[in-house]
Amino acid sequence: MLKFTQDHEWVRIEGDAATVGITQYAQEQLGDLVFVELPEVGKCFEKGAPAAVVESVKAASEVYAPIGGEVVQVNPAIVADPSLVNSDPMGAGWFYKMKLADPAEVDALMDEAGYKELLG
Amino acid sequence: MPFSDNSHVLRCTCHFDWNRRCEACFIDRLDSIVVLVWRYFHLYFSATSRHQHEDVLDESTTPVEAALGWAIAKVRRRGGARGGRFPGADVVLEQLERGAPRCRVGLKPRSRAPVRAGVLLYIDASSSQSVGVVTSGTFGPSAAGPIAMGYVPRALSRPTTPLFADVRGNRLPVEVTELPFVPHRYKR
């Protein structure tokens, strides 16, 4: 199940596990990424808390936790090569995986159609 | 404040007019290049930084600190035909001879994280007293890594001096480096 947030993140939900990344639109708006800072594995975030940082040539931006939970895995490939997020934001450019604290929070997120509507 | 009363000099249009001499500026046309360079840098850098204290050039910065001493004509230096007699001359000439207390330096972050304007500089990973500030910084494609510029005390301005930049609460190692970051490749 693929969900989206107002902050242009995507969440792929499989049971109580979720993979988080930023959308194609976010990647385009940021421009060439030069640096990614990921959270530590084991760290817990509430929904909306800043979990990661991306820096493009233009500016630094925070990536907020789309739902509450514990980080169980991060993607070291994007730290080594941030341009992966630009080239494949929905695939190889994923940020981290988390274990959901409350799977009911997922219902508040947008589906793909809703997100497309947000982009207009 | 080295330029204690420079409000007129900063706004006056006489520096753009080679046929006029403005008595209020106390500046000859040739010398006005100093002010032009200063103003240009001021406009350029203040457009890229967010707060006044992060400007590469603000009212508290002397040309000597900003490494723009080359723009001060020989005749205006001490012993020159028209030595002194410009706003801030006492301080600027003193600094030209003895060195400025702080200097504009290039900074090369050791990690990949860009170090941006406003970031404070420290001499080690734990001290609470900052020794300088970054005035601009970003990722430099030609340098293939992050680059930054800022002010540090003269004692810490020598290239290869290790410093620490506080980025989002993390002390990241940076190194004072020669400017320009990418050496010139043209012949003079």
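How many salt bridges are there between chain A and chain B? I began my notebook with that one, and the count came to three. For the record, I took a salt bridge as a side-chain nitrogen of Lys or Arg within 4 Å of a carboxyl oxygen of Asp or Glu.

**Ground rules**

I am working on a predicted model, where local features need pLDDT of at least 70, side-chain atom pairs count only at pLDDT 80 or more, and totals for chains, interfaces and linings use all residues. Residues are numbered from 1 along each chain as its sequence is written, chains are lettered from A and ligands numbered from 1 in the order in which they are written, and side-chain values use heavy atoms, with hydrogens and water left out.

**Entry 1: the A–B interface**

I looked up one salt bridge by name: the side chains of A:E37 and B:R168 meet at 3.4 Å, N to O.

On chain A, the elements giving two or more residues to the side that touches chain B are β4 (33-37), β6 (50-56) and α2 (76-80). Helices (H or I, at least four residues) and strands (E, at least two) are DSSP runs, numbered from the N terminus. By class, I noted nine nonpolar, one polar and three charged residues on that side of chain A. The classes put Ala, Val, Leu, Ile, Met, Phe, Trp, Tyr, Cys and Pro as nonpolar, Asp, Glu, Lys and Arg as charged, and the others, Gly among them, as polar.

Next I checked the size of the contact (heavy atoms within 4.5 Å). Chain A brings 13 residues and chain B eight residues. Together the chains bury about 850 Å², with 45% of it on carbon and sulfur atoms. A:V34, A:F35 and A:E55 supply 50% of the area that chain A buries against chain B, more than any other three residues. Buried area is the accessible area (1.4 Å probe) that two parts lose on being put together, summed over both.

**Entry 2: chain B and B:R104**

I counted three helices and six strands in chain B, running α-α-α-β-β-β-β-β-β from the N terminus. Of its 188 residues, 46% count as buried, meaning under 20% relative accessible area, with exposed over 50% and partly exposed in between (1.4 Å probe, protein chains only).

B:R104 sits in strand β1 (residues 102-109) of chain B. What does its side chain reach at 2.7 Å? I found the backbone oxygen of B:A66 there. B:R104 is buried yet has no salt bridge, and the nearest side chain of opposite charge, B:E65, is 9.9 Å away. Lys and Arg count as positive and Asp and Glu as negative, while His and the chain ends are not counted.

**Entry 3: two strand residues of chain A**

Buried or exposed: which is A:V11? A:V11 counts as buried because its relative accessibility is 0%. It belongs to strand β2 (residues 9-14) of chain A. Beyond four places in sequence, the contacts of A:V11 include A:M1, A:V20, A:I67 and A:L109.

A:E70, in strand β8 (residues 69-74) of chain A, has a relative accessible area of 34%, so I logged A:E70 as partly exposed. Leaving out residues up to four places away in sequence, A:E70 touches A:G42, A:K43, A:C44, A:K97, A:M98 and A:K99.

Terms used: Polar contact = N/O pair within 3.5 Å; in protein donor to acceptor, adjacent residues only side chain to side chain.
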